[in-house]
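Dear colleague,

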Amino acid sequence: MNTALDQAAIDRFNARYAACLDTGDFDAWPDFFLPDATYKIIGRENYDAGLPLCILALEGHGMLRDRIYGIKNTLYHAPYYQRHVIGTALIEPESDGGITAQANYAVFRTRPGGVSEVFNVGRYIDRFTATPDGPKLAVRICVFDSEMILNSLIYPL
Amino acid sequence: MNAPHHVAQTRWTEPGSSRIPYWAYTDPDIYQRELQHFFYGPHWCYVGLEAELPAFGDYRLSFVGERQVIVVRQRDGTIAVMENRCAHRGVRFCQQQRGKARSFVCPYHQWTYKLNGDLAGLPFRQGVERDGEKQGGMPADFDMQAHGLVKLRVARYGGLIFASFSDATPSFEDYIGPAVMPWLDRIFKGRELTLLGVNRQRIPGNWKLMMENIKDPYHPGLLHTWFVTFGLWRADQRSRMVMDEHGRHAVMISQRNQGGASSVTEGVTSFKADMALNDPRLLDVVPEPWWNGPSVTMITLFPSLIIQQQVNSLSTRHIVPAGPGAFDFIWTHFGFKDDSEEMTQRRLRQANLFGPAGFVSADDGEVIELSQDGFRQRGADGSTLCELDGRGVAPTEHMVTETLIRGMYGYWRKELGL
């Protein structure tokens with residue numbers, strides 16, 4: 001397996017990431033991250049102003065799993081489908097062998113039997129590390145333009 | 001042909017305030033009366049935190065009801081609040097959510113306003129001279145002072161900013177009243193706030209449903225798994241329900257316990273006996289000296305503000321109505337100037353419980369949407385039932401009650417003359 005962190009590897013990674021979330025395979029979601037990774041969903045208003053508040057800020061596999069438990073067992077919500085459309089990543093190699101990358105995303109929400117809505121639009125700001133199992137996220141920050149969330153956001157972006 | 005028979009179904013036929021007719025949540029005329037009386041009438045409405053405007057000229061846009069306002073720091077440190085609407089042609093001219101200004105200029109005809117809303121100048125007021133002759137201009141009796149922006153009265157309390165369109169609004173202290181004021185003082189008195197950030201969500205339900213949600217101590221230990229399982233809010237805790245003399249403002253006060261199974265979790269499907277966090281940092285609660293007992297106080301200041309202290313997480317939640325069937329809900333999380341770095345991190349981690357994606361609060365937005373769906377499908381002739389702990393209105397020393405909701409609707413009904 002080619003473990004190089006190149007353009008094709010990152011785009012493949014994002015395609016698999018989207019497929020994981022869009023099929024609702026949430027148990028597999030932490031596998032895209034390093035064990036101590038950071039995952040944040042933050043409004044552009046806060047991000048641009050340097051304010052730390054996120055709508056979700058998770059540190060490490062434990063918190064990612066707590067979120068999954070919440071989705072499956074504790075968060076009351078009307079279920080919905082997600083559909084991610086992720087653009088080609090803009091990648092920048094770092095001196096330590098990792099890379100930073102940015103990719104635009106649009107997530108559509110469809111309640112079963114309902115119409116589709118543009119749910120959340122933004123960009124991933126990522127930091128990838130090469131591992132024997134392929135690229136893994138050390139950091140994924142979802143900076144969203146859609147500052148007015150359509151009621152609640154349950155599933156990861 | 002007969003026209004469909006239409007009778008306005010907005011008469012309150014039941015006694016008291018323990019049955020709330022569905023039209024209170026859906027009727028557009030009632031909604032307009034609410035805007036006029038509560039949001040534009042003699043009430044203080046929340047518009048932001050002082051920490052958002054640290055320096056002279058700092059401004060932000062906010063809302064009082066559906067009216068957008070500009071909140072701006074003055075040279076002398078005071079705060080001015082004025083409607084974002086040009087006195088000339090009604091343009092909502094200021095378009096930056098936040099910024100720093102020396103003056104405000106409407107782009108349409110360059111009418112210019114001072115930071116306090118006074119009209120500073122306008123092009124061609126004296127007309128244009130051509131061949132020694134004056135052409136056009138405003139009438140000689142045009143009064144600059146009468147054509148500023150609409151200015152609101154401002155009340156500042158403990159780093160919070162409130163505004164009112166009405167001259168009849170009492171002083172802020174009198175508005176809040178002696179029963180609720182100590183609970184504000186407990187959080188805010190003598191402290192400087194720091195801004196952690198803002199989250200926004202649009203909830204497709206009537207704005208009062210959010211006020212009700214935070215006057216409803218019955219639901220948190222039933223709907224919210226985290227609250228019942230981890231002992232953050234449940235019926236076997238020591239609690240108090242406080243309200244002002246009008247029944248409009250309230251505080252739900254409680255003290256956390258260790259959670260786990262007890263008589264109040266029997267048959268409660270949201271209770272998860274074997275649930276443990278993979279990462280306990282999400283709920284790394286450290287009591288703060290100022291708590292002085294209660295670990296949670298949820299304050300509703302009618303009509304526009306909820307103030308949350310739930311363990312180490314602090315926020316204001318601003319209600320911005322958008323028609324009878326929707327409102328925007330704006331969360332501003334804050335800390336205190338003397339917080340350690342660890343405490344700031346803790347507040348931010350616990351923020352995962354709240355807001356539009358919160359482990360707890362996401363439930364509330366969802367349920368409010370479903371409530372409005374229920375009202376809509378039935379039409380005006382249904383009503384909600386609100387009789388836990390009787391039909392009257394009085395403070396309680398427990399949480400097995402809907403008294404605070406009845407208190408609010410008693411006030412609402414009286415004020416609207418329904």
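What follows is a short account of what was found, beginning with the conventions.

This is a predicted model, in which local features need pLDDT of at least 70 and side-chain atom pairs count only at pLDDT 80 or more, while totals for chains, interfaces and linings use all residues. Residues are numbered from 1 along each chain as its sequence is written, chains are lettered from A and ligands numbered from 1 in the order in which they are written, and side-chain values use heavy atoms, with hydrogens and water left out.

The interface between the chains

In the contact between the two chains (contact meaning heavy atoms within 4.5 Å), 39 residues of chain B touch 33 residues of chain A. The size of an interface is often given as the accessible area lost when the parts come together. Here the buried area (the accessible area, taken with a 1.4 Å probe, that two parts lose on being put together, summed over both) is about 3200 Å², and carbon and sulfur atoms give 53% of it. On the side of chain B, Arg200(B), Phe359(B) and Glu366(B) lose the most area to chain A, together 20% of what that side buries.

Between chain B and chain A there are six salt bridges, a salt bridge being a side-chain nitrogen of Lys or Arg within 4 Å of a carboxyl oxygen of Asp or Glu. The side chain of Glu45(A) meets that of Arg98(B) in a salt bridge, at 3.2 Å from N to O.

The side of chain B that touches chain A draws at least two residues from each of β14 (193-203), α7 (225-229), β20 (327-336), α8 (341-350) and α9 of chain B, where helices (H or I, at least four residues) and strands (E, at least two) are DSSP runs numbered from the N terminus. Of these, β14(B) gives the most, with nine residues. That side divides into 19 nonpolar, nine polar and eleven charged residues, with Ala, Val, Leu, Ile, Met, Phe, Trp, Tyr, Cys and Pro counted as nonpolar, Asp, Glu, Lys and Arg as charged, and the others, Gly among them, as polar.

The pocket and the cavities

On a 1 Å grid over the protein atoms alone, a cavity is a set of points where a 1.4 Å probe fits but cannot get out, and a pocket is an open set with protein on both sides within 12 Å along at least five of seven lines, while lining residues have an atom within 4 Å of a point. Grid points are joined across faces, edges and corners, and a volume is the space filled by probe spheres set on the points.

The largest pocket holds about 430 Å³ and has 19 lining residues, with Glu212(B), Asp216(B), His219(B), Val367(B) and Ser371(B) nearest its centre. With four residues, α9(B) gives the most to this lining, which by class has twelve nonpolar, four polar and three charged residues.

There are two cavities of 30 Å³ or more. The largest cavity, at about 140 Å³, is lined by 16 residues, and nearest its centre lie Ile214(B), Pro220(B), Phe227(B), Met298(B) and Arg317(B). The second largest cavity, at about 50 Å³, has residues of both chains in its lining, including Glu45(A), Phe144(A), Val198(B) and Arg200(B). The largest share of that lining, three residues, comes from β14(B).

Links within chain A and local geometry

Over all chains, the count comes to 35 salt bridges. In one of them, Arg44(A) pairs with Asp145(A), the closest N and O atoms being 3.1 Å apart. Arg44(A) lies in helix α2 of chain A and Asp145(A) in the loop between β7 (134-144) and β8 (148-150) of chain A, so the pair ties together parts that are 101 residues apart in sequence.

In chain B, a cis peptide bond with omega of about 5 degrees joins Phe302(B) and Pro303(B), and Pro303(B) sits in the loop between β17 and β18 (305-310) of chain B. Phe124(B), although not a glycine, has a positive phi of about 60 degrees.

With best wishes
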